[in-house]
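I set out here what I looked up in this structure, entry by entry.

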Amino acid sequence: MSWPAWLQLGVATVHEQEGESFRPAVLLKASDLYVKAMVLLVLVSSIVVSALVVIYTAYQYRLNFNHQQQLVQQWDELQVEWGQLLLEQGALAANSRVENLATKKLAMQIPARIEVIRDER
């Protein structure tokens, strides 16, 4: 496994003998291993935190979507009730009904002659 160039600071190399040819061996200093381990730990922590944020966001989206669906259903029910109330208001305020109630319950009559009286002071 090779590290990216920006992570290979402070790498010491020595040559060791393998068979007949010399091959460079890479020795890492303890501080280099610590830095790389810390970088790896930060990256893994970032991934875990990012995954948790994605899960939380998806959970909040589902909650909000359910709440929105409930509000839409409530709005539909209120629209139906509003329509029924408008029909009831129209039926109660009909001219024939008001005239019928006025003559039967209040004993009101339509005047035979309309007389206008003005206050002229």
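**Burial.** I find that buried residues make up 4% of the 121 residues in the protein chain. Buried here means under 20% relative accessible area, exposed over 50%, and partly exposed in between, with a 1.4 Å probe and protein chains only.

**Basis.** I note that this is a predicted model, in which local features need pLDDT of at least 70 and side-chain atom pairs count only at pLDDT 80 or more, while totals for chains, interfaces and linings use all residues. Residues are numbered from 1 along each chain as its sequence is written, and side-chain values use heavy atoms, with hydrogens and water left out.

**Elements.** I recorded 2 helices and 2 strands in the protein chain, running β-β-α-α from the N terminus on. Helices (H or I, at least four residues) and strands (E, at least two) are DSSP runs, numbered from the N terminus.

**Confidence.** I looked up pLDDT, the predictor's confidence in each residue, from 0 to 100. The protein chain has a mean of 85, and 77% of its residues reach 70 or more. Confidence is lowest in strand β1 (residues 12–18), at a mean of 51, and highest in α1, at 96.

**Contacts and surface.** Among contacts (heavy atoms within 4.5 Å), I took those with a separation of 6 or more; residues 24 or more positions apart account for 17% of them. The protein chain exposes about 11,500 Å², of which carbon and sulfur atoms supply 62%; accessible areas come from the Shrake-Rupley method with a 1.4 Å probe, and for residues only the protein chains shown count as cover.

**Aromatic pair.** How many aromatic pairs does a search of the whole structure find? The search returned 1. Tyr61 and Phe65 are stacked, at 6.1 Å centre to centre with 25° between the planes. Rings of Phe, Tyr and Trp (its six-membered ring) pair if their centres lie within 6.5 Å; planes under 30 degrees apart count as stacked, over 60 as edge-to-face and the rest as tilted. Because Tyr61 and Phe65 are 4 residues apart in helix α1 (residues 30–92), about one helical turn separates them. Tyr61 is exposed at 54% relative accessibility, whereas Phe65 is partly exposed at 39%.

**Residue Ala107.** I found a positive phi of about 55° at Ala107, although this residue is not a glycine. Ala107 lies in the segment after α2 (95–104) and is exposed, with a relative accessible area of 62%.
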